[in-house]
Amino acid sequence: MRSHVERGVDALVGLTSTGYDGVDRVALSVVAEAILAQRAGQLTSYSRNRSSYTGLTQYGGRDFTYANVMRAVDHVAGLGLLELHPGFWRSDGSGRQSTFAATAELAALGDVVPRILVRSPTNLIMKDGAKRLIPYRLTRDARRMMSDLSGWTESVKGSEIRVEAPDIDWSENGLVSVPHRTNDGDPITIKITTGDFVFYRVFNNASFAQGGRAYGHWSQSLPKARRAQITIDAEPVALLDFSASHPRMLYAQASIPLEGDPYELPGFERDIAKVGLLVVLNAISRQQGVEAMAHKLAEAKVTGRDRATAAALLSALEERHKPIQDHFYRSTGLTCQRTKAVILADVARQARREGIVTLPVHDEIIAKARHESRIIELMNDAWRMRTGADPVIKRG
């Protein structure tokens with residue numbers, strides 16, 4: 001739980017005191033997370049297992065103990081502000097975490113109260129192989145990353161960043177509805193909280209060498225077409241991205257040039273082949289890769305035909321990318337993601353030194369359009385320094 005409701009707003013949503021300061025502070029976070037998840041159409045997961053809280057106070061402070069979280073969740077639910085969904089255990093010992101959701105009453109209040117969500121100062125997150133939060137050692141490198149993220153946040157905080165479009169009613173420090181259409185043409189509404197701009201990094205598999213993408217800014221929830229409508233201090237922006245970053249990194253590591261488009265594969269659509277290459281770089285076994293690809297091919301239930309198509313696609317990718325085949329089915333994607341995160345941090349850091357504000361959206365950098373040529377230079381320099389090869393940069 002990385003957010004909380006500001007003091008004074010608790011009364012507006014009907015949050016009464018429990019009589020214990022620590023529990024009350026956790027309750028503020030419970031309410032904020034419920035509203036934030038409701039805006040994104042999601043549930044908030046939490047654990048009712050005492051062992052899940054061992055060593056995790058670094059994420060939320062000393063208040064976030066097992067006893068305080070249980071009392072806070074139950075208290076907020078007892079006020080009619082939360083719907084609780086208990087987890088369950090299967091016979092093999094596996095299961096899912098419990099979840100909670102904002103009730104209609106809380107959701108409605110959350111829409112009218114301005115800027116009730118404030119991010120906590122925790123800006124490094126470590127997860128294990130099951131995607132559970134785990135403690136980490138605060139090394140010199142970790143402290144350096146935390147300081148760098150704080151500097152990035154401050155640079156963004158000092159600029160006016162918004163989306164300029166005739167169908168968007170912008171509200172500073174509040175909730176903004178962004179109309180959008182899915183790939184199937186269905187209308188949906190994306191809700192963003194403009195007070196969300198504090199950057200943090202998420203690492204995977206209990207290692208600072210895997211993952212490390214920067215998250216936190218509301219721009220990351222927008223589709224590319226809407227991101228192109230962002231303005232920074234009333235100026236238009238450029239969207240810049242490294243093309244085929246993961247395969248290009250691995251070919252550079254093998255000291256072999258990457259010939260042609262790595263996602264062009266005879267007999268398969270390019271978008272499908274691109275997904276397939278990401279799957280083989282992130283899977284831990286070929287069997288898992290086939291199953292994951294089959295699920296991506298299937299719109300609903302996976303069939304034998306989906307598995308056969310997935311297996312054929314993976315075989316074609318193995319043949320097409322023999323020079324880097326040793327990296328398949330080894331979770332290499334997260335290692336590549338870490339290198340990419342370092343490169344983008346290099347770019348953003350140097351840009352800040354030159355007074356240029358940047359926003360990261362996964363593998364993309366957003367900056368004022370008038371700084372496009374300079375950002376491209378920085379991207380080229382950072383990529384070459386970290387990989388020893390030349391990148392291919394594409395404009396959004």
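Two strands are said to pair if DSSP finds at least two bridges between them, and the strands themselves, like the helices, are DSSP runs numbered from the N terminus, with at least two residues (E) for a strand and at least four (H or I) for a helix. The structure described here is a predicted model, in which local features need pLDDT of at least 70 and side-chain atom pairs count only at pLDDT 80 or more, while totals for chains, interfaces and linings use all residues. Residues are numbered from 1 along each chain as its sequence is written, and side-chain values use heavy atoms, with hydrogens and water left out.

Strands of a sheet pair through backbone hydrogen bonds, either parallel or antiparallel. Strand β6 (residues 124-126) runs parallel to β10 and is joined to it by three bridges, whereas β10 and strand β11 (residues 211-215) run antiparallel and are joined by four bridges. Arg201 in β10 stands opposite Leu124, and Arg201 also stands opposite Ala214 in β11.

## What covers the sheet

In a regular strand the side chains alternate between the two faces of the sheet. In strand β10 (residues 200-203) both faces are covered, with Tyr200 and Val202 on one side, Arg201 and Phe203 on the other, and all four buried; buried means under 20% relative accessible area, exposed means over 50%, and partly exposed lies in between (1.4 Å probe, protein chains only).

## Aromatic rings

A pair of aromatic rings is described by the distance of the centres and the angle of the planes. Rings of Phe, Tyr and Trp (its six-membered ring) pair if their centres lie within 6.5 Å, and planes under 30 degrees apart count as stacked, over 60 as edge-to-face and the rest as tilted. By this rule the count comes to eight aromatic pairs. Tyr46 and Phe100 make a tilted pair, because their ring centres are 5.4 Å apart and their planes stand at 45°. This pair links distant parts of the chain, since Tyr46 belongs to strand β2 (residues 44-46) and Phe100 to strand β4 (residues 98-102), 54 residues apart. Tyr46 and Phe100 are both buried.

Tyr136, Phe203 and Phe208 form one aromatic cluster.

Helix α7 (residues 245-253) is mostly covered, with eight of its nine residues buried; among them are His246, Arg248, Met249 and Tyr251. The elements that cover these buried residues include β13 (235-242), α8 (270-282), α10 (304-320), α11 (332-353) and α12 (372-387). Just after α7, Ser255 takes a positive phi of about 60°.

In soluble globular proteins, nonpolar side chains tend to be buried together. A nonpolar core is a set of buried Ala, Val, Leu, Ile, Met, Phe, Trp, Tyr and Cys residues joined through side-chain atoms within 4.5 Å. The largest one has 42 residues, of which Phe242, Leu277, Val280, Leu314, Phe328, Ile375 and Met379 touch the most other members. At least two residues of this core come from each of β13, α7, α8, α9 (286-297), α10, α11, β15 (364-368) and α12, and α12 gives the most, with six residues. Leaving aside neighbours within four places in sequence, Ile375 is in contact with Leu240, Val347, Ala351, Ile356, Thr358, Ile365 and Ala367. A second, separate core of 38 residues includes Leu124, Phe197, Ile232 and Leu359.

Ser331 lies in the loop between α10 and α11 and counts as buried because its relative accessibility is 11%. Apart from neighbours within four places in sequence, Ser331 is in contact with Leu281, Asn282, Ala283 and Ile284. Thr231, found in strand β12 (residues 230-232), likewise counts as buried, at 8% relative accessibility.

How values were computed
Contact means heavy atoms within 4.5 Å.
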